[in-house]
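Please brief me on the structure shown below.

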Amino acid sequence: MSRSLDALGVWFGFHLDRRMRTRPLKLWGLVMIGVVGGLIWAERGAQDTLNRLTLLILSPLMSLTFCVGVVREEIEDQTLTYGFTRPVARGWLYVARVFASVAPVVLITLPAALIAGGRLGLLLPTAAAALLAALAYGGVFALVGQLVKWPAWLGLIFILGWEYWVSQVPGFLGRLTLLSDVRAIADLKPEIPGLLSFWEAPSLGVSALRLLIVAVVTLGVGARLVQRREHALSK
């Protein structure tokens with residue numbers, strides 16, 4: 001167990017260092033700086049708009065960008081063999097790789113979410129929403145990246161065609177989305193005025209627990225798949 005945890009830490013540090021040097025991270029950082037700067041300059045309603053953009057749109061999209069190819073990228077870079085030939089279970093290496101891909105999402109979205117949180121009482125819930133959203137979406141998209149041929153397109157449809165809009169629907173259907181729990185934790189009401197009076201947020205504890213369960217289950221299933229599947233490397 002200790003060897004696995006040590007390997008997780010080493011592999012996490014290795015991939016985080018690689019991730020921090022990539023162009024997508026720099027581009028997303030510039031996007032977030034531009035969004036924050038533009039909304040602060042606009043002032044009116046800036047904090048609420050920034051919070052919604054960060055937690056409901058940018059965080060899922062960034063998780064998709066960084067996490068959907070955690071295995072495919074190593075196959076393309078020809079670095080998969082190095083990790084999988086170590087005397088450590090593949091599942092631990094996969095989890096470390098996902099964590100290293102989630103970390104930049106948190107690094108970029110968390111400061112913006114805290115700025116947008118505004119009131120002292122909302123800082124902790126907003127930070128929890130940013131962290132749990134990144135973990136849950138990261139686990140989901142890393143798993144989807146192993147299961148389907150075009151995971152990026154599927155993930156984009158999932159975020160913009162299902163999650164954002166359905167999360168605003170009152171009742172059972174809205175609870176089928178991850179964003180309904182993110183909304184509940186960060187106290188973000190629906191943007192569709194006609195639904196506002198009917199929308200009832202899940203409790204904060206239940207929402208946090210559901211996001212955490214999604215993260216743990218998807219990471220566990222993804223690690224199990226990596227442990228059992230063969231991954232062919234092109235020469």
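The points below are grouped by topic, and they describe a predicted model.

The largest nonpolar core has 49 residues. Several helices supply this core, and helix 7 gives the most, with 11 residues. Helix 7 also holds Gly145, which is partly exposed.

**The nonpolar core**

- Within the core of 49 residues, those touching the most other members are Trp28, Leu55, Tyr94, Val98, Phe141, Val182 and Leu211.
- At least two residues of this core come from each of helix 2 (23-42), helix 3 (46-67), helix 6 (90-117), helix 7 (120-147), helix 8 (151-166), helix 9 (178-186) and helix 11 (204-228).
- Tyr94 has contacts with Val70, Val71, Ala142, Leu143, Gln146, Leu219, Gly222, Ala223 and Val226, when its neighbours within four places in sequence are left aside.

**Helix 9 and helix 11**

- The axes of these two helices, helix 9 and helix 11, come within 9 Å and cross at roughly 140 degrees.
- Helix 9 is therefore oblique to helix 11, because an angle counts as roughly antiparallel only when it is over 145 degrees.
- The crossing of helix 9 and helix 11 is left-handed.
- On the side of helix 9, the contact is made by Leu178, Asp181, Val182, Ala184 and Ile185.
- On the side of helix 11, the contact is made by Leu204, Ser207, Ala208, Arg210, Leu211 and Val214.
- Val182 and Leu211 take part in this contact, and both are also listed among the core residues that touch the most other members.

**Thr109**

- Thr109 lies in helix 6.
- The relative accessible area of Thr109 is 0%, so this residue is buried; the cut-off for buried is under 20%.
- The side chain of Thr109 reaches the backbone oxygen of Val105 at 2.7 Å.
- Not counting residues up to four places away in sequence, Thr109 touches Met32, Thr54, Ser59, Met62 and Ala130.

**Gly145**

- Gly145 is found in helix 7.
- With a relative accessible area of 22%, Gly145 is partly exposed, because that class runs between the cut-offs of 20% and 50%.
- Gly145 is in contact with Val68 and Pro151, leaving aside its neighbours within four places in sequence.
- Gly145 and Gly155 are 10 residues apart in sequence, and their C-alpha atoms are 9.2 Å apart in space.

Conventions
Residues numbered from 1 in each chain as written. Predicted model: local features only at pLDDT ≥ 70, side-chain atom pairs only at ≥ 80, totals over all residues. Heavy atoms only, no water. Core = buried A, V, L, I, M, F, W, Y, C linked by side-chain atoms within 4.5 Å. Buried < 20%, exposed > 50% of the residue type's maximum accessible area, 1.4 Å probe, protein only. Helix = DSSP H or I, 4+ residues; strand = E, 2+ residues; numbered from the N terminus. Contact = heavy atoms within 4.5 Å. Polar contact = N/O pair within 3.5 Å; in protein donor to acceptor, adjacent residues only side chain to side chain. Axes fitted to C-alpha atoms, helices over the stretch in contact; angles between N-to-C directions. Parallel < 35°, antiparallel > 145°, perpendicular 65-115°, else oblique. Left-handed = near helix turned anticlockwise from the far one by under 90°.
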